[in-house]
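Please look over the sequence and the structure first.

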Amino acid sequence: MIGLFILLIAAQIADAYTTLQALKRPGVYEANPFLRKIMDAIGVKEALLLVKVASCVVVWFGVMYLEAQGHGQLATGLLVAACALYALIAYRNWKLR
């Protein structure tokens, strides 16, 4: 489980890095309207850090809650899905840079 969480952190870092790289290109903008509003309010890097940390915390608590309820397979599935989602987003961003 810890290995998957480390993978999630790596995927989040890749997402943040590729987002920063993609946003340097003219005409490229953050597609997530919620994140875009936070970026406008506090800055791009600050918003990415805040949202990435918050995402990891939410997933971690979700996984721990599911584990405590005896739903270990569901907890693992949640973690795998989160890793896949952020890896896919990072890949999409990479193609835009």
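In helix 2, L35, I38, M39 and I42 meet V44, E46, A47, L48, L50 and V51 of helix 3, where contact means heavy atoms within 4.5 Å. The model is predicted, so local features need pLDDT of at least 70 and side-chain atom pairs count only at pLDDT 80 or more, while totals for chains, interfaces and linings use all residues. Residues are numbered from 1 along each chain as its sequence is written, and side-chain values use heavy atoms, with hydrogens and water left out.

**Helix 2 with helix 3**

- By class, this contact of helix 2 with helix 3 has nine nonpolar, no polar and one charged residues; Ala, Val, Leu, Ile, Met, Phe, Trp, Tyr, Cys and Pro count as nonpolar, Asp, Glu, Lys and Arg as charged, and the others, Gly among them, as polar.
- The axes of helix 2 (residues 33-42) and helix 3 come within 7 Å and cross at roughly 130°; axes are lines fitted to C-alpha atoms, for helices over the stretch in contact, and angles run from 0 to 180 degrees between N-to-C directions.
- Helix 2 and helix 3 are therefore oblique to each other; angles under 35 degrees count as roughly parallel, over 145 as roughly antiparallel, 65 to 115 as roughly perpendicular and the rest as oblique.
- Helix 2 passes helix 3 in a right-handed crossing, a term used if the near helix is turned clockwise from the far one by less than a right angle.

**Helix 3 with helix 4**

- Helix 3 (residues 44-68) and helix 4 (residues 72-96) have axes that come within 7 Å and cross at roughly 160°.
- Helix 3 and helix 4 are therefore roughly antiparallel.
- The crossing of helix 3 with helix 4 is right-handed.
- On helix 3 the contact is made by K52, S55, V59, G62, V63, L66 and E67, and on helix 4 by G72, L74, A75, L78, L79, A82 and Y86.
- These contact residues divide into nine nonpolar, three polar and two charged.

**The chain as a whole**

- The chain has four helices and zero strands; helices (H or I, at least four residues) and strands (E, at least two) are DSSP runs, numbered from the N terminus.
- Its C-alpha atoms fill a box of roughly 50 × 25 × 20 Å, taken along the principal axes.
- Of the 97 residues, 30% count as buried, meaning under 20% relative accessible area with a 1.4 Å probe, protein chains only.
- Among contacts between residues at least 6 apart in sequence, 64% join residues at least 24 apart.

Conventions
Buried means under 20% relative accessible area, exposed over 50%, partly exposed in between (1.4 Å probe, protein chains only).
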